[in-house]
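Have the viewer open as you read.

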Amino acid sequence: MTRAADAITAITLSSVTLPLAVPISDAKVFTGRQRPMTEVVLLFAEITTAQGFEGIGFSYSKRAGGPAQYAHAKEVAGLALGEDPSDIGKLITKLLWAGASVGRSGLAPQALAAIDVALYDLKARRAGLPLAKLLGSHRDAVRTYNTSGGFLNADIGAVTEAAQRSLAAGIGGIKIKVGLPDDREDIRRASAVREHIGDAPLMVDANQQWDRSTALRMGRILSELDLVWIEEPLDAYDHAGHARLTSALDTPIATGEMLASVAEHTELIRHRACDIIQPDAPRIGGITAFLRLMALADEAGLDLAPHFAMEIHLHLAACYPRETWVEHFDWLDPLFEERLETRDGRMIVPDRPGLGITLSEQARAWTTDTVTIGTR
Ligand SMILES: [Mg+2]
């Protein structure tokens, strides 16, 4: 039996400001480029259809950009009304053209990402399948590592304690931040964590704050710690520098989280600038964009470790042909009713339909702006 075409009747957009428990610092704060992060601003899109189906998606920004993402989505979302929610490609192309004047990279596609993710959530819920199953998964659980315990605002004792807690909770790997002005302190912290966690997978992340020679020198020193990868050693757009580092070091290089479209990632791939690519679906325009990028990355022989937003990326990482990693952050937990399960070093793809997320009362309470376009 085929189902008649459905039609989008309403899109509710909400801007939610999530406060962080403590101000967060990575290397960009220590080099004076950014202030400690105190909140994350999320853009939620909730879509309803004539046949009574619903979908939810989100995008986000850190430090700046939240109000602009919300404003852009609000400006163009009305064009989706009346369209069949199953025609995601057509719909997103239409919305991209509507905002073409403000670009196909960065803020405009990031604003549309919330809608794109909601359309995929809706499609999977309508099919009664977890998103990963709808897309065609390779695995039901994805290797996971914790990031939220390893920031530079935490002292070594707090970082090793958090690492212990993560491993005990079934999270397989530990990532810590490096890139401090004093290299020796980076080495001390990384060595302490390696000693504390034994053979467990360990990654370091310099958040773009090394120059080329420092990255090469630190990469050689840190190779003794048997790292799974060194992340963002250089400026996110220094593809030539990353390429040199990738060929010079045995430790894999990971990067890509700051890139803001498939086209920008294509440049990274063309330069053979990393071993592990780290796209972020909300940052590059949603799941439509991410699926295109996964195909390109796989063709190029790259490993995949998506950045942040584990609630979305768990499903996508499950669909990549090669073994992947998903980044465990507990920051967004208060926004949702559900919790993702970790066991034996892996995050389990939930068996709930769609993404498997429902907004919590707390998320409603943290909503600073909301608008419904169309009629619910
Ligand atoms: Mg990172």
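What follows covers a sheet, a pair of packed helices and an annotated domain.

Keep in mind that this is a predicted model.

Let's start with the sheet. Four strands make it up, it's open, and the order runs E3-E2-E1-E14 with antiparallel pairing. On average, neighbouring strands here are turned by 20° against each other, direction ignored. Helix H4 (residues 107-127) packs on this sheet and touches E1, E2 and E3, its direction making about 150° with that of E3.

Zoom in on E1 and E2 and you'll find an antiparallel pair held over 12 bridges. If you want a landmark there, Thr17 stands opposite Val41 in E2.

Here are the residue ranges of the strands:

| Strand | Residues |
|---|---|
| E1 | 8-24 |
| E2 | 37-49 |

Now for the helix pair. How do H10 and H12 pack? Helix H10 (residues 262-270) and helix H12 (residues 287-299) meet at an angle of about 10°, with their axes 10 Å apart, so the two are roughly parallel to each other. On the H10 side the contact uses Val262, His265, Thr266 and Ile269, and these meet Ala289, Arg292, Leu293, Leu296 and Ala297 in H12. By type, the contact residues split into six nonpolar, two polar and one charged.

Finally, the annotation. An unreviewed UniProt entry lists residues 156-252 as "domain: Mandelate racemase/muconate lactonizing enzyme C-terminal". In the model, that stretch is 51% helix and 12% strand, and its end C-alpha atoms are 25 Å apart.

Technical notes
Residues are numbered from 1 along each chain as its sequence is written. This is a predicted model: local features need pLDDT of at least 70, side-chain atom pairs count only at pLDDT 80 or more; totals for chains, interfaces and linings use all residues. UniProt positions are given in the numbering used here, feature names are shortened, and annotations may be inferred rather than shown by experiment. Two strands pair if DSSP finds at least two bridges between them. Axes are lines fitted to C-alpha atoms, for helices over the stretch in contact, and angles run from 0 to 180 degrees between N-to-C directions. Two residues are in contact if their C-beta atoms, placed from the backbone, lie within 7 Å. Angles under 35 degrees count as roughly parallel, over 145 as roughly antiparallel, 65 to 115 as roughly perpendicular and the rest as oblique. Ala, Val, Leu, Ile, Met, Phe, Trp, Tyr, Cys and Pro count as nonpolar, Asp, Glu, Lys and Arg as charged, and the others, Gly among them, as polar.
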